[in-house]
Amino acid sequence: MGDMPIIDEAKCQRCGLCVSICVCGALVMEDNAVKVIQVENCGWCTMCELVCPNGAISCPFEIVVETTRD
Ligand code: SF4
Ligand code: SF4
């Protein structure tokens, strides 16, 4: 189990954008707060971080693209 997005509830305005952008179903709006569920579903795409207008989500992982040369 790896890292998961971190949601700062103090900054979150409950707009729901992150939930709708998450193609993996890793985020839900529950009890008027965004929760990360199904961490194993998270594809680490960082779209939730990008889409949040309030900077409430930070993804503590980076996408590292490795290229190999023949
Ligand atoms: S990083 Fe991508 S897959 Fe993971 S919670 Fe955010 S939007 Fe969903
Ligand atoms: S996009 Fe940001 S402000 Fe909107 S619900 Fe998600 S964490 Fe909260």
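**Exercise 1.** What volume does the second largest cavity have, and which residues lie nearest its centre?

*Solution.* This is a predicted model, in which local features need pLDDT of at least 70 and side-chain atom pairs count only at pLDDT 80 or more, while totals for chains, interfaces and linings use all residues. Residues are numbered from 1 along each chain as its sequence is written, and side-chain values use heavy atoms, with hydrogens and water left out.

Begin with the term: a cavity is a set of points, on a 1 Å grid over the protein atoms alone, where a 1.4 Å probe fits but cannot get out, and its lining residues have an atom within 4 Å of a point. Taking volume as the space filled by probe spheres set on the points, which are joined across faces, edges and corners, the second largest cavity comes to about 70 Å³. Of the 13 residues that line it, Cys12, Gln13, Cys15, Cys18 and Cys52 lie nearest its centre.

**Exercise 2.** Which ligand sits in the largest cavity, and how does the lining of this cavity divide by class?

*Solution.* The largest cavity has a volume of about 100 Å³, and ligand 1 sits in it, in the sense that more than half of the ligand's atoms lie within 2 Å of its grid points. Its lining is made up of 13 nonpolar, two polar and no charged residues, where Ala, Val, Leu, Ile, Met, Phe, Trp, Tyr, Cys and Pro count as nonpolar, Asp, Glu, Lys and Arg as charged, and the others, Gly among them, as polar.

How values were computed
Chains lettered and ligands numbered in written order. 1 Å grid on protein atoms, 1.4 Å probe; cavity = no way out; pocket = protein on both sides within 12 Å on 5 of 7 lines; lining within 4 Å.
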